[in-house]
Amino acid sequence: MRVLGIDPGLTRCGVGVVDVRPDRTATLVEVTVIRTPADMPLEQRLLAVGTGIDELLDAHRPDVVAIERVFAQHNLRTVMGVAQVSGVALHAAARRGLRVALHTPSEVKAAITGYGAADKKQVQTMVARILGLAEVPKPADAADALAIAICHAWRGSPAADGGANGAGAGGAAQTPAQAAWLAAERSARTSGVPRRLAR
């Protein structure tokens, strides 16, 4: 499965592409950050981000697009920019007939580290380890985008669907990370949307 993950942001939009095999082995395809200056008109910033996403979608032809779910926060300006970029990404994927998945930060953290309240450094370190990278992708938006992509690919594995006995559809026992991911997803559904990955 090839997944294009997006950490939406107006100033910095992280985009990561990974290939994930059925055995959950993940390989880095590309990671980048699309940047726009704060003094550029909003419509031009959104156009620039949209163009960058379009180019990456056409270059890598992913099977699915995974985007960090927007949430409410005190900084209205920031959340508006995130929401606007998310809309641009959703539109770009829909025009190509691609499936789209939205994942909350706690879901991503749990899938990557096995702990839904992991800090950013832990997530970044695990992303580098999972992908076999010598160092953590920078800036943080890049690592976040890769984490979102990996989360989605791992969520789709048979073991991630877990049944009453803690086994997936394929009969494999859940890993601690998969069990934590499921717990985070259930919590997000019942207690509202969690906070976004800290900047």
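At what angle do the axes of helix α3 (residues 105–113) and helix α4 (residues 120–131) cross? In this predicted model, the two axes cross at roughly 50° and come within 9 Å. The crossing of α3 past α4 is left-handed. On the α3 side the contact involves Lys-109, Ile-112 and Thr-113, and on the α4 side Gln-122, Val-123, Met-126, Val-127 and Ile-130.

**Helix α5**

Helix α3 also packs against helix α5, at an angle of about 75° and with the axes 9 Å apart. This angle falls between 65 and 115 degrees, and α3 and α5 are therefore roughly perpendicular to each other. Here Glu-107, Val-108, Ala-111 and Ile-112 of α3 meet Ala-147, Ile-148, Ile-150, Cys-151 and Trp-154 of α5.

| Helix pair | Angle | Axes | Description |
|---|---|---|---|
| α3 and α5 | about 75° | 9 Å apart | roughly perpendicular |

Helix α5 covers residues 140–155, and its end C-alpha atoms are 22 Å apart. At 1.5 Å a residue its 16 residues should span 22 Å, so the two values agree. Of these 16 residues, 14 are buried, so α5 is largely enclosed by the rest of the structure.

**The sheet**

Five strands make up an open sheet with mixed pairing, in the order β3-β2-β1-β4-β5. The edge positions belong to β3 and β5, each of which has a single partner strand, so one side of each lacks a neighbour in the sheet. On average, neighbouring strands of this sheet are turned by 20° against each other, direction ignored. Helix α2 (residues 76–95) packs on the sheet and touches β1, β2, β4 and β5. The direction of α2 makes about 170° with that of β4.

**Strand β4**

Strand β4 (residues 64–68) runs parallel to strand β1 (residues 2–7), and four bridges join them. Within this pairing, Ile-67 of β4 is the bridge partner of Ile-6. The pairing of β4 with strand β5 (residues 99–103) is also parallel and extends over five bridges. Two of the positions facing each other are Val-65 opposite Val-100 in β5 and Ala-66 opposite Ala-101 in β5.

What is the burial of β4 like, mostly covered or mostly open? The strand is mostly covered, with five of its five residues buried. Val-64, Ala-66 and Glu-68 point one way from β4, while Val-65 and Ile-67 point the other way. Glu-68 is buried along with the others.

**Loops and backbone**

The loop between α4 and α5 contains Pro-139. A cis peptide bond, with omega about 0°, joins Lys-138 to Pro-139.

Two arginines have positive phi values. Arg-24 has phi near 80° and lies in the loop between β2 (12–20) and β3 (26–35). Arg-61 has phi near 45° and is found in the loop between α1 (42–60) and β4. The relative accessibility of Arg-61 is 67%, so Arg-61 counts as exposed, the cut-off being over 50%. In β4, by contrast, Val-64 is buried.

Methods. Residues are numbered from 1 along each chain as its sequence is written. This is a predicted model: local features need pLDDT of at least 70, side-chain atom pairs count only at pLDDT 80 or more; totals for chains, interfaces and linings use all residues. Side-chain values use heavy atoms; hydrogens and water are left out. Buried means under 20% relative accessible area, exposed over 50%, partly exposed in between (1.4 Å probe, protein chains only). Two strands pair if DSSP finds at least two bridges between them. The expected span of a helix is 1.5 Å times one less than its number of residues. Axes are lines fitted to C-alpha atoms, for helices over the stretch in contact, and angles run from 0 to 180 degrees between N-to-C directions. A crossing is left-handed if the near helix is turned anticlockwise from the far one by less than a right angle, and right-handed if clockwise. Contact means heavy atoms within 4.5 Å. Angles under 35 degrees count as roughly parallel, over 145 as roughly antiparallel, 65 to 115 as roughly perpendicular and the rest as oblique.
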